Amino acid sequence: MNETMICAVGNVATQPVYRELANGPSARFRLAVTARYWDREKSAWTDGHTNFFTVWANRQLATNASSSLAVGDPVVVQGRLKVRTDLREGQNWTSADIDAVAIGHDLARGTAAFRRAGRSETATTSPPQPEPNWETPTPEAADPADPADSPAPVTGQRPEPAAVA
């Protein structure tokens with residue numbers, strides 16, 4: 001499947017609009033992405049051109065985005081880029097939309113407190129699986145003639161680095 005996946009870093013420009021639709025929740029907001037560059041003549045950072053994207057989120061992402069984002073929040077958005085051109089009132093209009101896969105606060109510009117969303121009661125959960133022991137090689141991968149392939153005892157601590165002569 002050929003899609004244009006992008007990652008955009010910018011600020012929430014409009015309050016997210018949340019809607020309950022027939023096929024599940026949906027939310028949208030505008031994202032402002034401004035290029036910044038170092039201006040040698042002024043010896044200062046300067047804002048460049050600002051691009052605006054309409055970000056669309058669906059299902060649980062829509063619910064979480066609408067309750068977590070506010071105007072001005074620095075965010076990182078990953079998703080599918082969709083550029084559309086229409087004719088409105090005799091003029092050509094071009095819009096750039098992002099069908100979001102992931103949205104998060106930009107921690108390079110601030111802090112965030114993460115809270116897990118409550119799970120729905122109808123969701124079926126599988127029983128917890130034990131964590132695999134990554135230190136023990138699988139039997140088919142180990143060579144019995146090679147002592148290096150024998151599993152090391154698992155102590156719960158990191159192994160000491162070997163001394164270099």
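**Pockets and their linings**

Guide: The second largest pocket is lined by Arg-30, Phe-52, Asp-86, Arg-88, Trp-93, Thr-94, Ser-95 and Ala-96. The model is a predicted one.

Visitor: Which element supplies the largest share of the lining of the second largest pocket?

Guide: Two strands, β5 (74–88) and β6, each supply at least two residues of this lining. The largest share amounts to four residues, and the element that provides them is β6.

Visitor: What is the volume of the largest pocket?

Guide: The second largest pocket has a volume of about 190 Å³. For the largest pocket, the computed volume is about 560 Å³.

Visitor: Which residues lie nearest the centre of the largest pocket?

Guide: The lining of the largest pocket consists of 18 residues. By class, nine are nonpolar, six polar and three charged. Those that lie nearest the centre are Asn-64, Ser-68, Ala-113, Phe-114 and Arg-115.

Visitor: Which element gives the largest share of the lining of the largest pocket?

Guide: The largest pocket is lined by 18 residues. The elements that give two or more residues to this lining are α1 (59–68) and β6 (91–105). The largest share is five residues, and the element that gives them is α1.

Methods
Residues numbered from 1 in each chain as written. Predicted model: local features only at pLDDT ≥ 70, side-chain atom pairs only at ≥ 80, totals over all residues. Heavy atoms only, no water. 1 Å grid on protein atoms, 1.4 Å probe; cavity = no way out; pocket = protein on both sides within 12 Å on 5 of 7 lines; lining within 4 Å. Points joined across faces, edges and corners; volume = space filled by probe spheres on them. Nonpolar A, V, L, I, M, F, W, Y, C, P; charged D, E, K, R; others polar.
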